[in-house]
Amino acid sequence: MTKPNQVDKELAYLTIKTPVRLAYRSLTEKDVEAAKVKWKANAIRYEATVLLESDLYKTVSAQAVAVAGAAWPGRDLKELDWEHLFVNGTKIADAAAADGKDHLEYQRGKILFKTSTNKAPTFGKFLGGGNFQNNVSPDIFYRGCSVVLSVGLRAMEPTKKTDKDFVKAYLNDLTFVRDGERLGGGDAAARYGEIEGVTTDEN
């Protein structure tokens with residue numbers, strides 16, 4: 001299968017330091033292999049989808065729009081497939097509610113930010129007091145925990161010419177910050193400290 005093409009190496013690095021909830025993940029070797037079978041895919045792909053509040057979404061989306069604008073000057077960026085990167089959580093919750101299900105209500109009012117990579121990202125854990133543990137097992141991450149992360153945003157052309165161009169978020173690293181209520185069950189646990197803000201660095 002032909003891989004999507006990178007466009008003129010338009011790339012921006014984005015670090016999200018505000019803890020966000022992990023909604024979906026495929027981070028362990030077992031997860032990745034299971035996903036390959038489920039989706040009948042050849043490539044290995046690690047994935048992490050997080051929930052963004054509106055203010056943080058504005059910051060992240062502005063950076064993605066800047067990357068797209070640099071890659072395709074003068075183009076109407078509404079033509080792009082933005083759902084490759086962002087998904088409206090309210091629409092997902094509404095669709096589930098229409099079927100009489102409420103298990104996706106936690107997505108209401110949020111934006112799902114989708115990140116992935118073909119190479120294993122770096123995994124870490126925040127220990128509090130500004131201390132971090134590097135190279136931890138991806139098994140510590142679960143749906144509902146709080147994380148911080150860094151990604152590389154890149155403009156991409158699709159494999160199929162009939163598909164739309166898009167911006168992709170490559171997951172560079174993912175850091176566990178604190179426990180939270182598991183999505184679908186579980187209870188909230190210890191909280192570490194706060195990590196706030198977003199920093200960006202364009203290349």
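A residue is termed buried when its relative accessible area is under 20%, exposed when over 50%, and partly exposed in between (1.4 Å probe, protein chains only). The structure described here is a predicted model, in which local features need pLDDT of at least 70, side-chain atom pairs count only at pLDDT 80 or more, and totals for chains, interfaces and linings use all residues. Residues are numbered from 1 along each chain as its sequence is written, and side-chain values use heavy atoms, with hydrogens and water left out.

The protein comprises three helices and nine strands, where helices (H or I, at least four residues) and strands (E, at least two) are DSSP runs numbered from the N terminus. Their order from the N terminus is β-α-β-α-β-α-β-β-β-β-β-β. Of the 203 residues, 41% are buried. Contacts are defined by heavy atoms within 4.5 Å; among those between residues at least 6 apart in sequence, 71% join residues at least 24 apart.

Helix 3 (residues 89-98) contains the buried residues G89, A93 and A96. These residues lie on the same side of helix 3, because they cover an arc of only 65° around the axis, the arc being that of the directions from the helix axis to the C-beta atoms. Strand 3 (86-88) and strand 4 (111-117) are among the elements that cover the buried residues of helix 3. On the face turned away from the buried side, the exposed residues K91 and A98 are found. The N-terminal end of helix 3 is capped by N88, with a side-chain oxygen 2.8 Å from the backbone nitrogen of T90. Just after helix 3, G100 adopts a positive phi of about 80°.

A positive phi also occurs at N135, with a value of about 55°, although N135 is not a glycine. Most residues other than glycine have a negative phi. N135 is located in the loop between strand 6 (131-134) and strand 7 (146-157), and N135 counts as exposed because its relative accessibility is 67%.

A nonpolar core is a set of buried Ala, Val, Leu, Ile, Met, Phe, Trp, Tyr and Cys residues joined through side-chain atoms within 4.5 Å. The largest such core has 37 residues, of which I16, L52, F113, F141, V147, L149 and L153 touch the most other members. At least two residues each are supplied by strand 1 (5-26), strand 2 (46-52), helix 2 (54-71), strand 4, strand 7 and strand 8 (166-178). Helix 2 makes the greatest contribution to this core, with six residues. A second, separate core has eight residues, including A23, A96, L104 and Y106.

Six aromatic pairs are present. Rings of Phe, Tyr and Trp (its six-membered ring) pair if their centres lie within 6.5 Å; planes under 30 degrees apart count as stacked, over 60 as edge-to-face and the rest as tilted. The pair of F86 and F113 is stacked, because the ring centres are 5.6 Å apart and the planes stand at 25°. This pair links distant parts of the chain, with F86 in strand 3 and F113 in strand 4, 27 residues apart. Both F86 and F113 are buried. F141 and F176 form an edge-to-face pair, with 6.3 Å from centre to centre and 65° between the planes. This pair, too, links distant parts of the chain: F141 lies in the loop between strand 6 and strand 7, and F176 in strand 8, 35 residues away. F141 and F176 are likewise buried, and together with F123 and Y142 they form one aromatic cluster.

Note on methods
Polar contact = N/O pair within 3.5 Å; in protein donor to acceptor, adjacent residues only side chain to side chain.
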